[in-house]
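Here is a short tour of a protein model, written for someone meeting it for the first time. Have a look at the structure below, then read on.

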Amino acid sequence: MSAYDTHAGGRLMEIYEQLLAAFGSESWWPAVSPLEIVVGAVLTQNTNWSNVEKAIAALHERELLPSGEGAAQSAAAAQEAGRKMLALSDEELAELIRPAGFYRLKTRRLKNVLAFFDEVCAFDLDWLSGSRRHDDDTLRRALLRLGGIGPETADDILLYALNRLSFVVDAYTVRLFARHRLLPVEHNYESVRAMFMRVLPRDIELYKAYHGLIVRACKEWCGKRRPDCPGCPLGRGLWAGVTAAHGQC
């Protein structure tokens, strides 16, 4: 590991510890089953989570997602729900997910993803999670080949539904770490993801918790237009004194 990576890794873990102390564990993704996480990852594109929750509730009402503790662990229940969803006409599915916005587009994307998991593992996502025949990079490349599935959606699915080592980068991640001068001026999704995965410990639960903490911090303090650096534990502790006027904390 280079000197820069050692420095960046130390800074990233400092930020993690500060946020963990402020919030406690924030392992995001609220869902009953891995299949629900997959569906939510597609539906949350270009919308807020409250709209996704309405669409998820509509799918549960039609018994198109596994429900209850026992069902959440049942591969047969996931297969039944997934194939029922696939069997819906585009019009029927679009109407159910309408609250999530862009519902016709998301219908096509959702069916692409569902067909993929039906073919690869018959919706047994727990089996796929532990399958040595399907390594992390191969699964990620396969997801990215699906229509409408970009890196963030693929990494959401890999990390939260399949418990694979894949750091999720979103707009919150870029905002927070650009302000703390941990991103190069010229960066993209893949370079930011690669940095996190290169310098952080290779720990799935750490990745989940860190992503949840980033989301919480940006909603609480690190706003897009008016960051509250004086109120933020990162501003008070690690890098106090650099003003928000320059877009940094």
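## Ground rules

Helices (H or I, at least four residues) and strands (E, at least two) are DSSP runs, numbered from the N terminus. Keep in mind that this is a predicted model: local features need pLDDT of at least 70, side-chain atom pairs count only at pLDDT 80 or more, and totals for chains, interfaces and linings use all residues. Residues are numbered from 1 along each chain as its sequence is written, and side-chain values use heavy atoms, with hydrogens and water left out.

## Salt bridges

Let's start with the charged pairs. A salt bridge here is a side-chain nitrogen of Lys or Arg within 4 Å of a carboxyl oxygen of Asp or Glu, and by that rule the count is nine. One of them joins Asp118 and Arg83, with N and O 2.8 Å apart. This pair links distant parts of the chain, 35 residues apart: Asp118 sits in helix H7 (residues 103-121) and Arg83 in helix H5 (residues 75-87).

How open are these side chains? Buried means under 20% relative accessible area, exposed over 50%, and partly exposed in between (1.4 Å probe, protein chains only). Asp118 is at 22%, so it counts as partly exposed. Arg83 is partly exposed too, because its relative accessible area is 39%.

## Two more pairs

Lys111 is in H7, while Asp90 is in helix H6 (residues 90-96), 21 residues apart in the chain. Asp90 is partly exposed at 38%, whereas Lys111 is buried at 15%.

Next come Asp155 and Arg140, which meet in a salt bridge of 2.7 Å, N to O. Asp155 lies in helix H10 (residues 151-161) and Arg140 in helix H9 (residues 136-144), so this pair ties together parts that are 15 residues apart in sequence. Asp155 and Arg140 are both buried. They also belong to a network of salt bridges that takes in Glu190 and Arg193.

## A buried threonine

Which residues does Thr173 touch, leaving aside its neighbours within four places in sequence? With contact meaning heavy atoms within 4.5 Å, they are Val168, Phe196 and Ile214. Thr173 is found in helix H11 (residues 171-179), and it counts as buried because its relative accessible area is 0%.

## The pockets

On a 1 Å grid over the protein atoms alone, a cavity is a set of points where a 1.4 Å probe fits but cannot get out, and a pocket is an open set with protein on both sides within 12 Å along at least five of seven lines; lining residues have an atom within 4 Å of a point. Grid points are joined across faces, edges and corners, and a volume is the space filled by probe spheres set on the points.

The largest pocket holds about 650 Å³ of space. Its lining has 21 residues, and Thr44, Thr47, Glu152, Asp170 and Tyr172 lie nearest the centre. H10, H11 and helix H13 (204-220) each supply at least two residues of that lining.

The second largest pocket holds about 150 Å³. Helix H2 (34-43) and H10 each give at least two residues to its lining. Among the lining residues are Trp29, Pro34, Ile37, Asp126, Tyr160 and Lys208.
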